[in-house]
Amino acid sequence: MSNQAIEKLSPFKTLTDEQAQLVDEVILFAKQHLTQDFPAVYTILGDAGTGKSVVLSHLFARLQQAARVQSDSPFYGTHNYFLVNHPEVLKVYKQIAGPIKTLLKKDYQRPTSFINQLYKNNANADIVVIDEAHLLLSKPDHYNNFYHENQLLEIIKRAKVVVLVFDQYQVLRMKSFWTLERLNELITPYPHQSYQLKHQFRMTASDDLIAWFNQLTNGLIEPLPKNACDHYDFRIFNDAEKMRQLIVKRNQEVGLSRILSTSGYPSTLDGGKHYICEGDFKMPWDQYNFTATPWAELPQTIDEVGSIYTCQGFDLNYAGIIIGPVISQKPGTNQLQVNLDRFTDTEAFKKRADLTDPDQIIHYEKRMILNALNVILKRGVKGTYLYAHDPLLRQTLFELSQALNA
């Protein structure tokens, strides 16, 4: 298996029959609505690792081939764009565009840049493809030079057809606050169609283990399925340093193996870096990546702890997951509790004018923290290792793994 993200998102990667049929269906949808008076929206739904991005990559490559080469195509001469709000993922798409004549790097943009450019020039697009639409801003954000109310709405207003992928369990910040209900409310006025991808492609884990991960990120600690380790290297550690050492070994063997963590570690600067400490384990958080190479593909990041902001949307061969202080076990139960007072990503929960009910706000904040755990739990293709900061949760998880191996 190639360790380069550009290979995994390549438009030349072989699709499954379901994925290929979906691309054909979206092409037909775009053809039908390209000449209509109203914009139309196609939504592709799916959990992390269900192949949403590779479908978009194939779709966009076909659209641009038709737009630039096939003079007999209804898409010939159309102006189409591919948008993604994740800077690390955007780097990968721009790398893909380099060698392919019909794909230009300028075709791939951040949503804010696209919206502001078209607004300034009073221009419109034909077809806009959006990866990771759950990261679109849903409120003004002056830091990102976005002064409208909702990025998706602004994109729809400036396009004839919009194709987007969406996962409600990857919503992580209040400025990008979405629910499936809010998405449906926004697109209901327009002709729309949707499709749900369900098969997990990234991880070689059993469906039962994936379901166990999902239950964990819904706040329930259940017994491990008997097939948890079938064809998949799943382990639970009570020593973070031993987990790190095994991740280093896996990285030496197959590459692309990294430590990831949730939030919850207070800022303790040491030499200009923010360290995570767990017993003998001490590593700095990921640093801002100024290179064109995705964070996990940089050799030196084996000595950093990745976050949702550097790993979301990417594969790892092996992922060592630290469940930080923000998530613990409720004593006397098999339930997780989210400790908002231990949350250290202060930028994530800025207030919104359209959310005023304190109980509702707390509910969504806790959901986003569990979403972040869901994101990092689904990175490891070949294996996932788990360690929990909370002593009770750590003991419970370790006992579950011991029972599995008994």
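Entry on the model. I note that this is a predicted model, in which local features need pLDDT of at least 70, side-chain atom pairs count only at pLDDT 80 or more, and totals for chains, interfaces and linings use all residues. Residues are numbered from 1 along each chain as its sequence is written, and side-chain values use heavy atoms, with hydrogens and water left out.

Entry on H3. Helices (H or I, at least four residues) and strands (E, at least two) are DSSP runs numbered from the N terminus. H3 covers residues 52-68 and reaches 25 Å from its first C-alpha to its last. That is close to the 24 Å expected at 1.5 Å a residue, where the expected span is 1.5 Å times one less than the number of residues.

Entry on the six-stranded sheet. I read the order of this open sheet as E3-E2-E4-E5-E1-E6, with parallel pairing. Strands E3 (108-109) and E6 (192-197) stand at the edges with a single partner strand each, so one side of each has no neighbour in the sheet. Two strands pair if DSSP finds at least two bridges between them.

Entry on E2. Strand E2 (residues 80-84) is joined to E4 (residues 127-131) by five bridges, and to E3 by two. Phe82 stands opposite Val129 in E4 and opposite Tyr108 in E3. The bridge partner of Tyr81 in E4 is Val128. I found both faces of E2 covered: Asn80, Phe82 and Val84 are buried on one side, Tyr81 and Leu83 on the other.

Entry on the five-stranded sheet. This second open sheet has the order E7-E16-E13-E8-E12, with parallel pairing. Its edge strands are E7 (233-236) and E12 (305-306), each pairing on one side only. I see helix H12 packed on the sheet, where H12 touches E7, E13 (316-323) and E16 (380-388). E8 (residues 257-261) pairs with E12 over two bridges, and Ile259 stands opposite Val305.

Entry on Thr396. Thr396 is found in H12 (residues 391-405). Is Thr396 buried or exposed? I find Thr396 buried, with a relative accessible area of 18%. Leaving aside neighbours within four places in sequence, Thr396 is in contact with Ile221 and Gln329, contact being heavy atoms within 4.5 Å.

Terms used. Buried means under 20% relative accessible area, exposed over 50%, partly exposed in between (1.4 Å probe, protein chains only). Axes are lines fitted to C-alpha atoms, for helices over the stretch in contact, and angles run from 0 to 180 degrees between N-to-C directions.
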